[in-house]
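Me: Got a model open here and want to talk through a few residues. Can you take a look?

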Amino acid sequence: MRLIMAIILLTFCKQVILILGDIGTATSYKPPYTPTKCYGSRQDQFPPGNLFIAVSEGLWDNGAACGRRYRLRCLSGNNRPCKDGTIDVKVVDYCTKSPCPSTILMSNDAFAALSRSPDAKINIEYIQI
């Protein structure tokens, strides 16, 4: 009985953590990914699986965002683009478009891990980890 209660509690706590995240939007951006505002042309800046992002002004924090890690989850979008689950990404760049098309710009690989629609704009939940 205690094991069952512990499992239920852990499941609930996991959901609560995700609910405490911020809400924003995400789009994909295409190569070339270098040079970046954070690490220039260094190839070792990209994490395994190419799960990296560029952030808009609100998250950039005058460059302090470089290297930060976020856990992302797709919430919604047109034509039900969301895949289940979360991914962990690393900030390597700043969105230089004005205005930036979304809160977070995701590498093609990162975006494909969350969305079935490569050209969609999705609503996401994100939390710094």
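Me: Is tyrosine 29 buried or exposed?
Reply: Tyrosine 29 is buried, with a relative accessible area of 13%. Buried means under 20% relative accessible area, exposed over 50%, partly exposed in between, with a 1.4 Å probe and protein chains only. This is a predicted model, where local features need pLDDT of at least 70, side-chain atom pairs count only at pLDDT 80 or more, and totals for chains, interfaces and linings use all residues. Residues are numbered from 1 along each chain as its sequence is written, and side-chain values use heavy atoms, leaving out hydrogens and water.

Me: Which aromatic pair does tyrosine 29 form with phenylalanine 52?
Reply: An edge-to-face one, 6.5 Å centre to centre with 85° between the planes. Rings of Phe, Tyr and Trp (its six-membered ring) pair if their centres lie within 6.5 Å; planes under 30 degrees apart count as stacked, over 60 as edge-to-face and the rest as tilted.

Me: Where do the two sit?
Reply: Tyrosine 29 is in strand β1 and phenylalanine 52 in strand β2, 23 residues apart. Strands are DSSP runs of E, at least two residues, and helices are H or I runs of at least four, numbered from the N terminus. Phenylalanine 52 is buried too, at 1%.

Me: Which residues are in the ring cluster?
Reply: Tyr29, Tyr33, Phe46 and Phe52, linked by ring pairs.

Me: Other topic: how do the strands run?
Reply: Six strands form a closed barrel, β1-β5-β2-β4-β3-β6, with mixed pairing. Two strands pair if DSSP finds at least two bridges between them.

Me: And how many bridges join β3 to β6?
Reply: Seven, and the two strands run antiparallel.
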